[in-house]
Amino acid sequence: MFNALTAMPADPILGLLTQYRLDPNPNKVDLGVGVYKDEAGHTPILHCVKHAERHRFETEDTKVYIGPTGSAHFNDLMTKLAFGHDHPALLENRIRTISTPGGTGALRVAADFIKRCRTQATIWVSDPTWANHNGLFEAAGIQVKTYPYYDHDNKSLRFDDMKAALAQVSPTDVVLLHACCHNPSGMDLTPSQWDEVITITKNVGFTPLIDMAYQGFGEGVDEDAYGVRQMAANVDNMILCSSCSKNFGLYRERIGACSLVTKDPTTADVAFSVLLYVVRCLYSMPPAHGAAIVETILDSEKLTQEWLEELAQMRDRINGNRSMLVDKLKEKGVKRDFSFIAKQKGMFSFLGITPEQVTRLQQEYSIYMVDSSRISIAGIGDGNVDYLASAIAKILE
Ligand code: LMR
C-alpha cells in the first residue's frame, strides 16, 4: 500500500530548521521559523513560565484525562485575555472556548467545525498568508480562495482591493483575518481599517475567523485584540483561534484556544457540542501542561505583571531589530529603500528580494529565510546584523 505514495516536499517553513541545524558555517543566520530569539540566538523559557512550572510540579496530583474542552479555567482566562473582561458577548454568555494543541490545533478544529456547518464551505485567506493555512483547510476538505492584501511593489496594504473582494464574498463563506502581526507581511490593519472590514462583514454576512497567533507582539495585549473585540461586538457568528506559542514562549508545549462567538447562549451550546465532537474525532483531548502554566500565570497578579514585562521586552527587541537592520543596510550603502521594515509589526517582514537572491543568501552566506523572502526579525541581533546587511548589499549589487 505504501508503494503508491509519492514523497511530499519539505515544509517551506519548518524544512529550514533542519537545513539550518545541519549547516556547519559558524556565521549562519536563522531568519526562518517564527520563534523569538534573544541576542545570543537562543529561545529562552520566560521567567514567569519557570515559576509556574515549579508551582505545577509541586501541586499537580493527577494525570487523569482532562476531557475534550481542556481546562475550563484556562478557557475562561484565555477568553478574557482575547475579548477583555467585560466584553458584551462574554457578559451575554455567547462565547464558548476550548483548549487546543497550539494555534495550529485551533485552526484545524475550526476547519472541521466549519466543514460540519457547511459541507461546501469556502474560506478566503489573505494573499499572502501563513503557508500552513492553505494546507490545513484543504486537509479538512474546505476550498481555499484568496483576497488581495499585501502590495509587494509598494510595501503597503491593498486595502481598497481587499474591501472590494470582501464585498463579493458569499454570506455562507468564511473569511480568515489576522488579528495582528500579519504573517508573513508584518502589515496590519489600523483600527479604522478594522472598523471598515467589520462593517463589510456585517453587511455581507460571511463568518469571520480571526487567527491571533501573536497577541502582545504588535503593540500590546489589548491593542492587538482591537479587531477581535470589535468584530465580536458586531457580528452574530465568529471563530477565534489563538496561540500561546509566541506570547508565552510555549512553542513545544502546544497550547492554544479556539473560541466560538454566537448570537445567543442556546446557539452557543449547540455549536459547542459540535466543536467537542470534532475534537473527540481528531485528537480526543488537548495536552494539559501548557494550559496549566498559562493558567497559573494569569491567575496571579504578580506573575501576570512579570509576563507582561517579559512580553514587552520581546516586542521591544524585535522592534529594535527592525530599525537596526534598516540603519545597517543604509550604512552599507544599499540604495533600495528598506524603511518599510521599521514600520511593520510583529515577527515578520518580506525583504522583497527574488527567490534566486534568497537562494544565494543561503548558499553563499548561510542566511536562511523562506523562499518568499519572509524574514523572522527575531533572528537578527547585534552579533549578526553587520554580516547580514553586508550579504544583502552584495546580492543586491
Ligand atoms: C511561522 O510562521 O514561522 C511559525 O508560525 C511557525 C510555523 O509553525 O510555521
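Two ground rules. Residue numbers start from 1 along each chain as its sequence is written. As the model is predicted, local features need pLDDT of at least 70 and side-chain atom pairs count only at pLDDT 80 or more, while totals for chains, interfaces and linings use all residues.

**Exercise 1.** Work out how domain 1 and domain 2 meet.

- Start with the bounds, which come from an automatic or database domain assignment: domain 1 is 11-44 + 316-392, and domain 2 is 65-299.
- Next, get the spacing: their C-alpha centres are 28 Å apart.
- Now list the contacts (C-beta atoms, placed from the backbone, within 7 Å). You get 18 residues from domain 1 and 19 residues from domain 2.
- On the domain 1 side, strand E11 (residues 348-350) gives the largest share, three residues. Strands here are DSSP runs of at least two residues (E), helices of at least four (H or I), numbered from the N terminus.

**Exercise 2.** Trace the chain from E3 to E4.

- Pair the strands first (DSSP must find at least two bridges): E3 (residues 122-127) and E4 (residues 143-148) run parallel, joined by six bridges.
- Then follow the link: helix H6 (residues 131-139) carries the chain across in a right-handed β-α-β crossover. Right-handed means that, with the strands pointing away from the viewer, the path from the first strand over the helix to the second runs clockwise.

Terms used. Contact = placed C-beta atoms within 7 Å.
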